[in-house]
Amino acid sequence: MRRSMTALAAVGVLALATAGCATDEPTASPSGSASAAAGSGTGEQSKFFVQADYDNELALLDAAPTGPAGKPWEQVLNPKMVDTAKFKKAGPHKICFSNAALNNPWRQVGFKTMQAEVEAQRSRISGFVHVDAEGKDQKQIADINDLLGKKCDALIVSPNTTATLTPAVEAACKAGLPVVVFDRGVNTTCPVTFINPVGGYGFGHVGAEFVSQKMKPGGKLLALRILPGVDVLETRWSAAKIALDKAKVDVVGVEFTDGDPAKTKKIVNDYIQRYGTIDGVWMDAGAVAVAAVEAFQDAGKPVPPMNGEDQLDFLKLWKDKKLTAIAPTYPTYQWRTPIIAALNILDGTQVSNPWKLPQPTVTQDNLDQYLDASMPPLHYAMCGCRDLPGYPQRWK
């Protein structure tokens, strides 16, 4: 990701549209080669695109992680360790968390995972304060300012939007708190570490490369996005458009769904009516993947090659209907890592900055290992929560 810390917007449902970040753009001017930035059949490249970060993320997809086997939330790709000795203090510790929102299933599953990690670390944590910004930048800015007076030993932040939350994070750093940013990023290097998986470029590339290879040559593709202006969604699209342009796919539409299943169905149906056949679907997030599939089924059309995500409703439909599909992921197990990182920092133990986590992909070959009929449809397979207190009831 960018040295200024780019990140991810979580997968969304309808309420994600309230994130209020449609005009949020990075302050730094992006770089990139003319060939990648110009685009061909998919319009101009996003202002968020950075060629070096794109190249780095694609390389990370094949990198071997460092860390304990079977615990990807503790693993690091290409670690770059930083000293934390100045933050060392005796515990147990009070950990504070400013959360962008709990407005979609991905964030809800993730937060349950974080709470369970806190419970698992209870001997080292004296208190855990969580504040939900409800997808509102100004509320999160006020929340962070309020937390600075709560005698927190460490502050975790998942920013609602990238540029707007940067000053609030910088203020927390200046207050002397060790700050851990995860999931979505900010345009500053002051936090001790920034945690997220490989990232948006990797996600977008994996899905677009698969779909373009499975489509008939020159076929028509519909791109479904949630909303503009969120860094990781922009980088997902940036990588996808490079792959789609390279494959000379005919991208007949790039539409924003607001994460709304009903709106998604209408968009897909409109394109089926307009073109008769849609040969591929690429999505920048998978929460409405089932709605897209149902639109083809309702129209009596075959479901084309597509990508979704590791939400269980999509994985089950994929298997039941024998779809041609792939599911790049943005694993919810990353919600464990900020708690682990904060405690390590307060112990004076070195941590990696950035802390890049593995980002597995669900394919036809490994689909069965991620299916779990006992869990709810909106559960995410990559929760990394099976060893945590309260599993599985906490997540049902």
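User: Which way do strand 4 and strand 5 run, and how many bridges join them?
Analyst: In this predicted model, strand 4 and strand 5 run parallel, and three bridges join them.

User: What unit do strand 4, helix 5 and strand 5 make?
Analyst: They make a right-handed β-α-β unit.

User: And how many bridges join strand 2 to strand 4?
Analyst: Five, and strand 2 and strand 4 run parallel. In that pairing, I95 stands opposite A154 of strand 4.

User: How many residues of strand 4 are buried?
Analyst: Five of its five residues are buried, so strand 4 is mostly covered.

User: Which residues point which way from strand 4?
Analyst: A154, I156 and S158 point one way, while L155 and V157 point the other way. Residues on both sides are buried.

User: Changing topic. How many disulfides does a search of the whole structure find?
Analyst: Three. A disulfide is a covalent bond between the sulfur atoms of two cysteines.

User: What pattern do they follow along the chain?
Analyst: Counting the bonded cysteines along the chain, the pattern is 1-2, 3-4, 5-6.

User: Start with C96. What does C96 form with C152, and how far apart are the sulfur atoms?
Analyst: C96 and C152 form a disulfide, with 2.0 Å between their sulfur atoms. The angle about the S-S bond is -85 degrees, and the link is left-handed.

User: Which parts does that pair tie together?
Analyst: C96 lies in strand 2, residues 93-99, and C152 lies in the loop between helix 4 (137-147) and strand 4 (154-158). The pair therefore ties together parts that are 56 residues apart in sequence.

User: Are C96 and C152 buried or exposed?
Analyst: C96 and C152 are both buried.

User: Next, what joins C173 to C190?
Analyst: A disulfide, with an S to S distance of 2.2 Å. The link of C173 and C190 is right-handed, with 70 degrees about the S-S bond. C173 is in helix 5 (residues 162-174), and C190 is in the loop between strand 5 (179-182) and strand 6 (193-197). The pair links distant parts of the chain, 17 residues apart.

User: Is C173 buried or exposed? And what does C190 count as?
Analyst: C173 has a relative accessible area of 18%, so C173 is buried; the cut-off for buried is under 20%. C190 is at 31% relative accessibility, so C190 counts as partly exposed.

User: What about C383 and C385, what joins them?
Analyst: A disulfide, S to S 2.0 Å. The torsion about the S-S bond of C383 and C385 is about -65 degrees, so this disulfide is left-handed. C383 counts as buried at 4% relative accessibility, and C385 counts as buried at 0%.

User: Helices now. At what angle do helix 9 and helix 10 pack?
Analyst: Helix 9 (residues 289-298) and helix 10 (residues 312-320) pack at about 35 degrees, with their axes 8 Å apart.

User: Which residues make the contact?
Analyst: From helix 9, A289, V290, V293 and Q297; from helix 10, D313, F314 and L317. These divide into five nonpolar, one polar and one charged.

User: Where does R225 lie, and is R225 buried or exposed?
Analyst: R225 lies in strand 7, residues 220-225. With a relative accessible area of 5%, R225 is buried.

User: You mentioned D258. What is phi of D258, and where does D258 lie?
Analyst: Phi of D258 is near 60 degrees, a positive value in a residue other than glycine. D258 lies in the loop between strand 8 and helix 8 (261-275). At 25% relative accessibility, D258 counts as partly exposed.

User: What about phi of K248?
Analyst: K248 is not a glycine, yet its phi is positive, about 55 degrees. K248 is found in the loop between helix 7 (231-246) and strand 8 (250-256). K248 counts as exposed, at 66% relative accessibility.

User: Last topic. Is the peptide bond from G91 to P92 cis or trans?
Analyst: Cis, with omega near 0 degrees. P92 is found in the loop between strand 1 (81-82) and strand 2. A cis peptide bond also joins Y391 and P392, with omega about 0 degrees. P392 is in the segment after helix 12 (367-370).

Key:
Residues numbered from 1 in each chain as written. Predicted model: local features only at pLDDT ≥ 70, side-chain atom pairs only at ≥ 80, totals over all residues. Heavy atoms only, no water. Disulfide = S-S within 2.5 Å. Helix = DSSP H or I, 4+ residues; strand = E, 2+ residues; numbered from the N terminus. Buried < 20%, exposed > 50% of the residue type's maximum accessible area, 1.4 Å probe, protein only. Pairing = 2+ DSSP bridges. Right-handed = clockwise from strand over helix to strand, strands pointing away. Axes fitted to C-alpha atoms, helices over the stretch in contact; angles between N-to-C directions. Contact = heavy atoms within 4.5 Å. Nonpolar A, V, L, I, M, F, W, Y, C, P; charged D, E, K, R; others polar.
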